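Q: Hi! Could you walk me through this one? I'd like to hear about its pockets and its core.

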Amino acid sequence: MDFPPTLMAATTFVLHKVGTSSRRALAGRLSDEAGVSLWEFAVLAALADFGASAQREVGDRLGLDPSDMVRLMDGLIAAGLAVRDRDPADRRRYRLTLTPAGRDALTRARALVTEVERETLAPLTDAERRQLHALVTKVLTH
């Protein structure tokens, strides 16, 4: 594409275009090859990284609306990738947990993320990739 120089001078525009392109590629590969959506991958990752959690906690971590979180969990549970059961520490709450099939799907999805990132960031050296990651993480977390 031949974007105007004014747009190419705007870092946020360039980040948006790179992000949109890689998100589209990642979402397609996750759906086709791992059988999960990008948001389902995010939920599986949160459960794997933080352990069994209340549905609201997972949604809050990911910035998801509670109704979207319900829909995502209903799909993951129906697919056998997660279970919702009573929290033994507080029987009024439900706890979400990955199933072995959910862990397998997450393993496949992580491999796809690595492949898509390698393809998207192919023009960069390994050192440049690490630097880019550090810089965008700094922007995101501050």
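A: On a 1 Å grid over the protein atoms alone, a pocket is an open set of points where a 1.4 Å probe fits, with protein on both sides within 12 Å along at least five of seven lines; lining residues have an atom within 4 Å of a point. Grid points are joined across faces, edges and corners, and a volume is the space filled by probe spheres set on the points. This is a predicted model: local features need pLDDT of at least 70, side-chain atom pairs count only at pLDDT 80 or more, and totals for chains, interfaces and linings use all residues. Residues are numbered from 1 along each chain as its sequence is written, and side-chain values use heavy atoms, leaving out hydrogens and water.

Q: Okay, what volume does the largest pocket have?
A: About 1000 Å³. Its lining has 23 residues, with Ser22, Glu117, Leu121, His133 and Val136 nearest the centre.

Q: Which helix gives the most to that lining?
A: H2, with 10 residues. Helices here are DSSP runs (H or I, at least four residues), numbered from the N terminus.

Q: And the second largest pocket, what's its volume?
A: About 320 Å³. Residues lining this second pocket include Arg23, Trp39 and Phe41, and H3 supplies the largest share, four residues.

Q: Switching topic: what does Valine 36 touch?
A: Leaving aside residues up to four places away in sequence, Valine 36 touches Leu30, Ser31, Phe41, Leu44, Leu81 and Ala105. Contact means heavy atoms within 4.5 Å.

Note on methods. Helix = DSSP H or I, 4+ residues; strand = E, 2+ residues; numbered from the N terminus.
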